[in-house]
Structures are given as structure tokens and as C-alpha cells.
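Morning, everyone. Please bring the structure up on your screens, and we will walk through it together.

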Amino acid sequence: MLDYETKLPRYQSTPEDRRWLLRRLFYYLGHVVVLGLIGYWAGPNLIMFHSLFSPTPADYAAIAEGECTTAIAAIKAYQRDNGSLPSGTWELGGTYLPRNSDPTGNILSTTSVTFGLGRAVVEYEFTPAREGWFIHAPRYDGRLPAPIVPPSPTTRPAVTQGANANH
Amino acid sequence: MPTTNPMFCKRCYADLKQSGDVGALGCFFCVRCKRRFDPMDLRTYLSRPFPSRRKIIIHSIITLILATIVSIVVAGWLSVAQMKYFHSTH
């Protein structure tokens, strides 16, 4: 059996080796950067938003206002008339809000209502000190630049008020 | 060494000119990683110490496949991560 280990000369590194090593490192680093950019940023954005860029807070604000303002105004009207928040938008059906209206909002003994909008959760906080819109979305989690919603003018029907007056 | 072309190891990118003495054993080896090569066969060594064009294409394809897999995983994770904020009885 040949003993190549003892017969092979020891490799002597050259200055060129170091330069090429750096080039190879940049090459591999480039692949890692591309993997990171596509894997964490561009790819998920294309899958979730069908765009390279994620929606801005202003985009989210426009969607949230368009979808949820009516329900929030109805909840505030309910709170004004009853002194407390409902458990969810299903308690407003028929009186403050059309029955089976979308989206359904949950409050469940908290001080805010949450709506599921696609991959985002829109939250409206009713506490006076913190009142306003929030969104928990894939690329943005924070307050939305949207105005505070006033309560809807709708109140409990006159029939109900009359019925209460009879007692 | 029968050739004067620049030769570099395909595995460790060492300069194969330094392995000239080994020719006496009947075959050539890289002195750093012991990989065999034939100075007369261009396919057994690199002309520069950098991944070959074929390897660059393979690396690019692997990177794109990995990026797609990572994208799907990240998109799935980001999509469900927000649901913890949804008020729910569950």
C-alpha cells in the first residue's frame, strides 16, 4: 500500500489564494443574501400580498375604515345606550347593525373589538385614553392613522323605549 | 507536470502546480485535500480557483429552491402569527 501522506509535499498558500478565497466568500455571501431577501421579504410578500411590497399603514387604515367603521360606530352607540360594551357584534343585530353583517367583531369582556380581515387582525380600542385603531398584520403591527369613530346616531327603537316606560 | 495551464483543485481550490512531484506515483493528487486529477483532462481540475459555471448554475438553482421553501414557511408563519390578537374564547 502506498503511503501518499508522507510522499505528498505540504501545500504552500500564495497571496493569490487569499484573494480568491475572499472572492469565493463574497460569492457564497451573495447567495445567502439573495436567499434572505427572497425567503424572508420578496417571496412571502408575493404569496401574501401578490406584490413585492407590503401594504403601508395608510393602506391598512383605508381597508380597516371601509370594513369596520359601521360596526364600531354601532358598538359605540350600544355602549352609549347601555353603559357597557357588548360581547361582540352579534349582540347588535337588528337594532344597531343589520343582522349577519360582516365582519364579525369580538369583544368578549375586553376593552377593544377585534375583526379578522384576511391575514390581519384589526383592533379598535374603546378606552378613552387609548381610543383608536390598531392593526396586527404580517408586516406591520401598531396604531393606524385613522380618525376616531363617533357613535352612530342609531339608538334603541322607540318601541323598546315605550315598552320600558310602561313598566 | 505536463501542462502549463493554470490548474486548481475542484474540491479545495488549491493550486495543483504544487503537486507536480506526485506524478512519479502514477497519478496526480491535490497536496491539500488528496483529490485525484489528470493534468491532461480538463474536466478533472479548474482553470481558476472559483466554482465552475456548472456549479454556479447548480448553486443558483438550489438557492432559488431554498428561497421558495423559506418563503412558503415564512408566509405561513406570518399569516397565523397575527391570530393570537383576535379575541377568542378558544
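This is a predicted model: local features need pLDDT of at least 70, side-chain atom pairs count only at pLDDT 80 or more; totals for chains, interfaces and linings use all residues.

For chain A, the mean pLDDT is 86. Of its residues, 87% reach 70 or more. Now look at residues 158-167 of chain A. There pLDDT stays under 50. For that stretch, the model has 2 contacts beyond four places in sequence.

Next, the make-up of chain A. It has 4 helices and 5 strands. Read from the N terminus, the order is α-α-α-β-β-β-β-β-α. Chain A has 167 residues, and 38% of them are buried. Take the contacts in chain A between residues at least 6 apart in sequence: 44% of these join residues at least 24 apart.

Now chain B. Here we have 1 helix and 2 strands. The order from the N terminus is β-β-α. Chain B has 90 residues, with 40% buried. Among its contacts with a separation of 6 or more, 40% come from residues 24 or more positions apart.

On to the helix pair. How do we describe such a pair? Two packed helices are described by the angle between their axes and the distance between the axes. The crossing of helix 2 of chain A with helix 1 of chain B is right-handed. What classes of residue make up this contact? There are 18 nonpolar, 8 polar and 1 charged residues.

Stay with helix 1 of chain B. Its length can be checked. It has 29 residues, so at 1.5 Å a residue it should span 42 Å. Its end C-alpha atoms are 41 Å apart, which agrees.

Which residues of helix 1 of chain B are buried? Among them are B:His59, B:Thr63, B:Ala67, B:Ser71, B:Val74, B:Ala75 and B:Leu78. Part of what covers the buried residues of this helix is helix 2 of chain A. An α-helix has 3.6 residues a turn, so residues three or four places apart point the same way.

Last, one residue on the chain A side. A:Leu22 sits in helix 2 of chain A. Buried, exposed or partly exposed? A:Leu22 is partly exposed, because its relative accessible area is 45%. The C-alpha atoms of A:Leu22 and A:Ala71 are separated by 60 Å. Along the chain, those two are 49 residues apart.

Definitions and conventions
Residues are numbered from 1 along each chain as its sequence is written. Chains are lettered from A and ligands numbered from 1 in the order in which they are written. Side-chain values use heavy atoms; hydrogens and water are left out. A crossing is left-handed if the near helix is turned anticlockwise from the far one by less than a right angle, and right-handed if clockwise. Ala, Val, Leu, Ile, Met, Phe, Trp, Tyr, Cys and Pro count as nonpolar, Asp, Glu, Lys and Arg as charged, and the others, Gly among them, as polar. The expected span of a helix is 1.5 Å times one less than its number of residues. Buried means under 20% relative accessible area, exposed over 50%, partly exposed in between (1.4 Å probe, protein chains only). Contact means heavy atoms within 4.5 Å. pLDDT is the predictor's confidence in each residue, from 0 to 100.
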